[in-house]
Amino acid sequence: MKYTQIKAVAETVNRHRHIRKARRVENNTIEINVGEEESFFFDMTRGRSTVYKAPSRRPGQDFNAPFDILLHQLLSQSIILKTQVPIGERILRLEVTPRSHYKNRRVILQLEFTGRH
C-alpha cells in the first residue's frame with residue numbers, strides 16, 4: 001500500500017469512537033468492527049498487504065493463539081484515542097483504551113504495511 005492510502009485509512013478509522021470487536025479471521029487478516037454493518041479488514045500478507053471494508057463474517061476456523069486472545073481482550077469494546085501514521089512510514093498506529101479494565105491503560109496496535117523485502 002502507498003503512504004497516502006494508509007493516511008486515508010487512518011483518517012477514516014479516526015472518525016469512529018469505539019471498536020466493537022477485533023479478531024483474526026484468516027491467517028494474515030485482522031477484522032476490526034467499528035459499529036457499522038461493514039468492518040475494516042487488514043490483510044497483512046507479506047508483499048501485498050491491503051485494507052478493505054466488507055460485511056462482517058464469521059471466521060472459517062477459531063484462532064486461539066495468545067495473540068488472538070489478547071487482540072480480542074484488549075481491542076474489543078475499546079475506545080479509539082487516535083489513529084496515526086508516522087511521517088514517511090507505511091505504519092498505521094491505532095491507540096485505544098480498553099473499556100473493561102479497572103485502571104486506565106493505553107494499548108497500541110501497530111500494523112506495518114511493508115513491501116516484499
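**View 1. The open four-stranded sheet of the predicted model.** In this predicted model, 4 strands form an open sheet in the order β2-β3-β4-β5, with antiparallel pairing; two strands count as paired if DSSP finds at least two bridges between them, and strands (E, at least two residues) and helices (H or I, at least four) are DSSP runs numbered from the N terminus. Because β2 (21–26) and β5 (50–55) stand at the edges with a single partner strand each, one side of each is left without a neighbour in the sheet. From one strand to the next, the twist averages 30°, where axes are lines fitted to C-alpha atoms, for helices over the stretch in contact, and angles run from 0 to 180 degrees between N-to-C directions. Residues are numbered from 1 along each chain as its sequence is written, and side-chain values use heavy atoms, with hydrogens and water left out. Local features need pLDDT of at least 70 and side-chain atom pairs count only at pLDDT 80 or more, whereas totals for chains, interfaces and linings use all residues.

**View 2. The pairing of β4 with β5, and α2 against the sheet.** β4 and β5 pair in the antiparallel sense over 6 bridges, and the bridge partner of Phe-40 in β5 is Lys-53. Helix α2 lies across β2 and β3, running at about 155° to β2.

**View 3. The largest nonpolar core.** This core has 24 residues, and those with the most contacts inside it are Ile-32, Phe-42, Leu-75, Leu-92 and Leu-94; a nonpolar core is a set of buried Ala, Val, Leu, Ile, Met, Phe, Trp, Tyr and Cys residues joined through side-chain atoms within 4.5 Å. At least two core residues come from each of α1 (3–14), β3 (29–33), β4 (38–43), α2 (66–75), β7 (91–98) and β8 (107–112), and α1 gives the most, with 4 residues. Residues that Leu-92 touches, not counting those up to four places away in sequence, include Ile-6, Val-9, Phe-42 and Leu-111, contact meaning heavy atoms within 4.5 Å.

**View 4. Asp-68 in helix α2.** Asp-68 has its place in helix α2 and counts as buried, at 6% relative accessibility; buried means under 20% relative accessible area, exposed over 50%, and partly exposed in between (1.4 Å probe, protein chains only). Leaving aside neighbours within four places in sequence, Asp-68 is in contact with Arg-24 and Phe-63. Between Asp-68 and Arg-105, 37 residues apart in sequence, the C-alpha to C-alpha distance is 19 Å.
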